[in-house]
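Welcome! Work through the exercises below with the model open beside you, and try each task before you read its solution.

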Number of protein chains: 2
Amino acid sequence: MYAEIIAVGSELLLGQIANTNAQFISQQLAELGIDVYRHRVVGDNADRLLQEIQEAEMRSDLVILTGGLGPTKDDLTKETMAAHTNRKLVMHEESLLAISEYFKAANREMTDNNKKQAIVLDNSTVFINRHGMAPGMLLRHNNTVFVLLPGPPREMKPMFQLDAVPELLSIFSDGKPVRSRVLRYFGIGEAELETKIEALIDAQKNPTIAPLASDGEVTLRLSAKHENKETAGSMLDKTEEKINSIVGEFMYGKDDETLLNKAFSLLSSTGKTIASAESLTAGMFSSQIASLPGASAVFKGGIICYTNESKRDLTGVKEETLLKYGAVSEQCAKELAAGVKKSLNSDIGISFTGVAGPDSLENKPAGTICIGIAMDNKPPIAISLSLKGERNYTRIRTVKHGLFQLIRLLEDRKPPLN
Amino acid sequence: MYAEIIAVGSELLLGQIANTNAQFISQQLAELGIDVYRHRVVGDNADRLLQEIQEAEMRSDLVILTGGLGPTKDDLTKETMAAHTNRKLVMHEESLLAISEYFKAANREMTDNNKKQAIVLDNSTVFINRHGMAPGMLLRHNNTVFVLLPGPPREMKPMFQLDAVPELLSIFSDGKPVRSRVLRYFGIGEAELETKIEALIDAQKNPTIAPLASDGEVTLRLSAKHENKETAGSMLDKTEEKINSIVGEFMYGKDDETLLNKAFSLLSSTGKTIASAESLTAGMFSSQIASLPGASAVFKGGIICYTNESKRDLTGVKEETLLKYGAVSEQCAKELAAGVKKSLNSDIGISFTGVAGPDSLENKPAGTICIGIAMDNKPPIAISLSLKGERNYTRIRTVKHGLFQLIRLLEDRKPPLN
């Protein structure tokens, strides 16, 4: 079972957008046990698109195309597939109705080129678009399954998950029995982690252990092959145990857990509320928490204390602290955390202060970070970090460190890693 | 001049990261006037990588590879290029020194596999890595120029801009004379905009007009071909003028301007400071402003007033307003904007309140949004929006609407578009 993903659109080749569709579909296919061997991107050009489709058909059992289904003249995916498969293009009445409803709901006039979007390939399974206009399609040609999906991610994702995946599962029910598990680590580099468990990686053939680093996190993917699902599961358990006897200190989650949703679910399950005082990160922590549905049950709000005056006036940091230790200090981080906890009446206060760069501040170099956490009636804690890299990389890493320490505190692991 | 970009790494095919490197490099090459015809992604597999390199070499004048230069066993790009070009791999002493300095600075021990990163292809131009370890390379083989860059974006980007681009410019100095300009619009759909200027698009052959929609924005790329740079420029001016006599109301910027950096530069040039009161967006607006270097000159901070209590206690919204109109109302948005302007002592206060969803609130459906702006001593204004889509799409769009209204106000265009 080999799959490949072809994204269509000159906007991708011009770099106006990133190919996040291929990322999403790859994640989903990995979960289904379908190997993705290639991603391809071509522009709105019928000849090159046709060439990609022909090559992909020869190599792969499943070819997923995204984009090129829209209303404008450079949207060519349906036309190119029609030429390749020798199929007609026909009006899909149900989609036409859905599109006119969409315009009614948005209180906008339906232009003629929008009707083009309701045209589909004859003899294909049609997926109505719940979040936009262009429908998707699934068809077979020369033993290859083709899936055509719209380009906008918010239309493509639900269509893939809700419509395409069930169809694919019923088509490919004879996949190889591989079980896989991802272990997630923070606060340790890829080379350091790999060196610590090198003997294990070398000795281990089944399950295999594959390390990957991205954005300050390291993951290990364990993959076990076995006819019996439960046996594969206990093979994974055993390997996980061996690994974590060495580096378990740095693990924060598994599979699709992220630092953010892990911290969020711990807040939810312990019933604790949180408030933030953000200087350096200026709302990034809070905005991430609020990105999750149900945030209002755990998140009380925060103060973006970008200036020294706001640290003093809005979050109650002592003037003396600012003079003696500076705004970028563990002392200030502790007072910010305790102050915001009090003024927003939450169980936990978390604070972020530091030097984003490019310039230094208070004679502290860019990348100097202090994070404070005040929880319940315990004395507030603070950690200091020295991060390398550009301004926003530092801010993103800082939020991750805050989430990691929050997870450790909520799980009663201690002391915090500095 | 045809280019293609090959990204190497199983993490891309597993969907663990998106191929943002191809996006960045494509943007950069577009600015240099080099056409990118294909993006490719392959895993950490020497056979398939070799096949991609061979195919790309036959088709393209320039092939840029990212990834696979790291310290672990599955990093194979150098080895595969060595096999393809029949070159030796040699230790690059300057890189080895830089790598050991890097470890010293981070106060970490250098493991043996890190030394592997200092090995380069013989007879290539080597780029020292300023933000990481693995050096980059440029080499020629069979009339094709190959550039090898590290995978992590924060290492790849500066290396491409500062090291690879100057080398490429000196190699390809005979590019075709095409000048291009991007016009950026907000608050109008792609089909609507295209319909309004359809006659122009059809009549126009040089410059060409190419529309593109993404995330609620629409751009038009005008491309003029002419030997004389100034003539091409005035051709672009003329076409721009024709287009904007029809849809100029919705334009906010050109070329690489974004809503964010346009608003930021207007704040800077007018010398005005801003503070935010964010409910729905919960820090997203503020965090974006603070992502720009020099933010502290224009940004005073903010209040994340996620609860009704914090709207009342921290930003001075009247209890009566919350009872009579609700938290999601133009009245509340105005009071929030005026309140945060006052408590943070800024020239402008901006507020965001609304129903992120999935559930409704105060009997208002998900996607109901109010944005308030208080500037100088003028009475605060507010607009209401009704957005479709999931929670975070709504939040992102809301911030963009706020930035667009801010731009209009700072440019003295009125009234605000609702």
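Helices (H or I, at least four residues) and strands (E, at least two) are DSSP runs, numbered from the N terminus. This is a predicted model, in which local features need pLDDT of at least 70 and side-chain atom pairs count only at pLDDT 80 or more, while totals for chains, interfaces and linings use all residues. Residues are numbered from 1 along each chain as its sequence is written, chains are lettered from A and ligands numbered from 1 in the order in which they are written, and side-chain values use heavy atoms, with hydrogens and water left out.

**Exercise 1. Describe the interface of chain B and chain A.**

Step 1: Start with contact, meaning heavy atoms within 4.5 Å. On this rule, 81 residues of chain B touch 80 residues of chain A.

Step 2: Turn to area. The size of an interface is often given as the accessible area lost when the parts come together. Buried area here is the accessible area (1.4 Å probe) that two parts lose on being put together, summed over both. For chain B and chain A this comes to about 6,600 Å², with 53% of it on carbon and sulfur atoms. Leu13(B), Arg154(B) and Ile304(B) provide 9% of the area that chain B buries against chain A, more than any other three residues.

Step 3: Look for charged pairs. Side chains of opposite charge can pair when their charged atoms come close. A salt bridge is a side-chain nitrogen of Lys or Arg within 4 Å of a carboxyl oxygen of Asp or Glu. There are 7 salt bridges across this interface; one of them links Arg40(A) to Glu52(B), at 2.3 Å from N to O. Strand E2 (residues 35-42) of chain B gives the largest share of the side that touches chain A, with 7 residues.

**Exercise 2. Find the strands that pair across the two chains.**

Step 1: Two strands pair if DSSP finds at least two bridges between them.

Step 2: Go to strand E14 (residues 299-304) in chain A and strand E14 (residues 299-304) in chain B: they run antiparallel and are joined by 3 bridges.

Step 3: Pick out one position, where Gly302(A) is opposite Ile304(B).

**Exercise 3. Locate some backbone details in the loops of chain A.**

Step 1: Which peptide bond is cis, with omega near 5°? The bond from Asn206(A) to Pro207(A). Pro207(A) belongs to the loop between helix H9 (198-203) and strand E10 (208-214).

Step 2: Gly357(A) and Pro358(A) are also joined by a cis peptide bond, with omega about 5°. Here Pro358(A) sits in the loop between strand E15 (348-354) and strand E16 (368-375).

Step 3: Finish at Asn123(A), a residue other than glycine with a positive phi, near 60°. Its place is the loop between strand E5 (119-121) and strand E6 (125-127).
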